[in-house]
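Please review the briefing below, which covers fold, packing and local geometry for one protein chain. The sequence and structure come first.

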Amino acid sequence: MTSIDLSRRSLLRFSGLALVAGVASCTTAPQQSSIPSNGDDETAAALPLVNQLRAKNGLPPLSIDPAATAAALYQAKRMASAGKMKHVMGIADGFGPRVKASGVQLPAAENIAAGQQSVPAVVTAWINSQHHLENMLGRYTGLGVAVAHNPASKNVPYWAMVLSS
């Protein structure tokens, strides 16, 4: 191997480490002011449905968590603004830092959905999805649920549920 090959290899290794370090150090709190304010808090409507499910499974009820509600509202608005149903919207995005920025106590979980026209419809969709059902039956104490629409995205309802500890 020549010294040029070693130099290229070292440069590539260093570049890769620098990129990983740069991404890992991104802990900037979300800029919530850049998200349109067209969302609705649906926690009060969803809470009895989720608590019925939990009671049927021998679990304690959840209560409304204002921080989880704020995190759910932020995520629903983000998805509506982007016209995409995604937990992660970019390379430096992450669930943990995003919900912590709203004051959510960890551990926490998030369920998302798009297209359902009502709270009962979205809760039913989450119940019928194994992973989402597991989240709703998890060891959480708080709940926040929100929906947002965006005329630019054909007013599709984008839903977010945040479960908190």
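At what angle do helix H2 (residues 43-56) and helix H5 (residues 119-127) pack, and how far apart are their axes? The angle is about 35° and the axes are 9 Å apart; axes are lines fitted to C-alpha atoms, for helices over the stretch in contact, and angles run from 0 to 180 degrees between N-to-C directions.

This is a predicted model, in which local features need pLDDT of at least 70, side-chain atom pairs count only at pLDDT 80 or more, and totals for chains, interfaces and linings use all residues. Residues are numbered from 1 along each chain as its sequence is written, and side-chain values use heavy atoms, with hydrogens and water left out.

**Overall make-up**

- The protein has six helices and five strands; helices (H or I, at least four residues) and strands (E, at least two) are DSSP runs, numbered from the N terminus.
- The order of elements from the N terminus is α-β-α-β-α-α-β-α-α-β-β.
- Of the 165 residues, 38% are buried, where buried means under 20% relative accessible area, exposed over 50%, and partly exposed in between (1.4 Å probe, protein chains only).
- Among contacts (heavy atoms within 4.5 Å) between residues at least 6 apart in sequence, 71% join residues at least 24 apart.

**Helix packing: H2 and H5**

- H2 passes H5 in a right-handed crossing; a crossing is right-handed if the near helix is turned clockwise from the far one by less than a right angle, and left-handed if anticlockwise.
- H2 contributes Ala45, Ala46, Leu49 and Leu53 to the contact, and H5 contributes Val119, Pro120, Val123 and Ile127.
- These residues divide into eight nonpolar, no polar and no charged, with Ala, Val, Leu, Ile, Met, Phe, Trp, Tyr, Cys and Pro counted as nonpolar, Asp, Glu, Lys and Arg as charged, and the others, Gly among them, as polar.

**Helix H3**

- Helix H3 (residues 66-82) has 17 residues, of which 12 are buried, so H3 is largely enclosed by the rest of the structure.
- The buried residues of H3 include Lys77 and Arg78, as well as Tyr74, Gln75 and Met79.
- At 1.5 Å a residue H3 should span 24 Å, and its end C-alpha atoms are 24 Å apart, which agrees; the expected span is 1.5 Å times one less than the number of residues.

- In strand E4 (residues 142-148), seven of seven residues are buried.
- Gly142, Gly144, Ala146 and Ala148 point one way from E4, while Leu143, Val145 and Val147 point the other way.
- Strand E1 (residues 39-41) pairs with E4 in the antiparallel sense over three bridges, pairing being counted if DSSP finds at least two bridges; aspartate 41 has alanine 146 as its bridge partner.
- Strand E2 (residues 63-64) runs parallel to E4 and is joined to it by two bridges, with isoleucine 64 opposite leucine 143.
- Strand E5 (residues 158-164) runs antiparallel to E4 and is joined to it by seven bridges; tyrosine 158 is the bridge partner of alanine 148.

**Individual residues**

- Isoleucine 112 lies in strand E3 (residues 109-114) and is buried, with a relative accessible area of 7%.
- The C-alpha atoms of isoleucine 112 and valine 122 are separated by 9.1 Å.
- Leucine 106 and proline 107 are joined by a cis peptide bond, with omega about 0°; proline 107 is in the loop between helix H4 (95-101) and E3.
- Asparagine 155, in the loop between E4 and E5, has a positive phi near 55° and is partly exposed, with a relative accessible area of 42%.
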